Amino acid sequence: MKRYRKIAYITDIHLDEQFVIDNHVDAKKNWEIALNDIASRGFKEVVFGGDIGEKSAHKSFFESLQAYDLSIVLGNHDVFHDVVHHYSNGVNPDHKALYYAQEDAFYKYVFLDSSIGMIRQEQFEWFKTALLTPKKIILFVHHPILSVNAEVDKRFPLDGRDKLKAELLKTDKEVILFCGHYHFEDVRTHANILQYITPASSYQVEKIPDEIKIGNHTFGYRIIEISEDEVNTELIMFEST
């Protein structure tokens, strides 16, 4: 089946953050390399998976993506009231959170805001309604919903994620979930849920139990190709210099 949507999915760039600088990561250079690669591949659409970085980087971040059809979710390093000065796609100021949905002939795309480390009740009620669709569901959220055997998952999980998981399991539809937050690659399934964790475009965290170990040698993003019948993905990884 012919591909009809191609997305560059990028997450966790952490621009201007002191922790990143202290770990000898040039996040701005990484971002430039990723953007140049995306441009060379002819992408028209970008989904950003959260954790832009410090407020000081917001203006240049959004300016760098002006040429693309941009959708974003917010991560735990993002603040809704800061981001909405630059991004208004689907924003309802009364929500005080950035969540919305898109649809095409075959899929419903759901975007959640986990920036406060949980999903408030108002957003959760909206989420349950958003799942009432005959279409296959593609979900974008910063935090993983399915657990991973890693120390970072033990320390920094999404509060109340089991409620979200339960709602996804209730639907008889295929759910494909794209997230970041943990700074490593992981793919796992549970019943009708297929979860892809994408490596960060800044630094990585080793996927190991009982320890959080930082790696500053690689960064990357994910290509998502969507057709009527299937969703395919490919990781694009770079070596830090």
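Me: What should I know about the model and the numbering first?
Reply: This is a predicted model, where local features need pLDDT of at least 70, side-chain atom pairs count only at pLDDT 80 or more, and totals for chains, interfaces and linings use all residues. Residues are numbered from 1 along each chain as its sequence is written, and side-chain values use heavy atoms, with hydrogens and water left out.

Me: Why is Asp186 called buried?
Reply: Its relative accessible area is 4%. Buried means under 20%, exposed means over 50%, and partly exposed is in between (1.4 Å probe, protein chains only). Asp186 therefore counts as buried at 4%.

Me: What makes Asp186 part of a strand?
Reply: Asp186 lies in strand E8, which covers residues 186–190. Strands here are DSSP runs of E with at least two residues, helices are runs of H or I with at least four, and both are numbered from the N terminus.

Me: How do you know that E8 and E9 pair?
Reply: Two strands pair if DSSP finds at least two bridges between them. E8 and E9 (residues 193–197) have five, in the antiparallel sense. Asp186 stands opposite Ile197 in E9. The hairpin has two residues between the strands, and Ala191 takes a positive phi near 55 degrees.

Me: What is in contact with Asp186, neighbours within four places in sequence aside?
Reply: Val148, Gln195, Tyr196, Ile197 and Lys207. Contact means heavy atoms within 4.5 Å.

Me: Why is Asp186 with Lys207 called a salt bridge?
Reply: The rule asks for a side-chain nitrogen of Lys or Arg within 4 Å of a carboxyl oxygen of Asp or Glu. For Asp186 and Lys207 the N to O value is 3.0 Å, so the pair qualifies under that rule. Asp186 sits in E8 and Lys207 in the loop between E10 and E11, so the pair ties together parts that are 21 residues apart in sequence. Lys207, at 37%, is partly exposed.

Me: What makes it a network?
Reply: Salt bridges link Asp186, Arg188 and Lys207. The side chains of Asp186 and Arg188 also make a polar contact at 2.6 Å. That term takes a pair of N or O atoms within 3.5 Å; within protein, one must be able to donate a hydrogen and the other to accept it, and residues adjacent in sequence count only if both atoms are side-chain atoms.

Me: How many salt bridges does the structure hold?
Reply: It holds 15. One of them joins Lys135 and Glu103 at 3.0 Å, N to O. Lys135 is in the loop between H5 and E6 and Glu103 in strand E4 (residues 100–103), so this pair ties together parts 32 residues apart in sequence. Another joins Asp210 and Lys154, with the closest N and O atoms 3.3 Å apart.

Me: Why is Asp210 called exposed?
Reply: Asp210 has 62% relative accessibility, so it counts as exposed. Lys154 has 46%, so it counts as partly exposed.

Me: What makes the buried residues of H7 line one face?
Reply: The buried residues of H7 (residues 161–170) are Arg161, Leu164, Glu167 and Leu168. Seen down the axis, they fall within an arc of 120 degrees, so they line one face of the helix. The arc is that of the directions from the helix axis to the C-beta atoms. Exposed Asp162 and Lys170 are on the face turned away from that buried side. The cover over the buried residues includes H5, E6, H6, E7 and E9.

Me: Why is Glu45 called buried?
Reply: Glu45 has 9% relative accessibility, so it counts as buried. Glu45 is found in strand E2 (residues 45–48), and a polar contact of 2.4 Å joins its side chain to that of Arg5.
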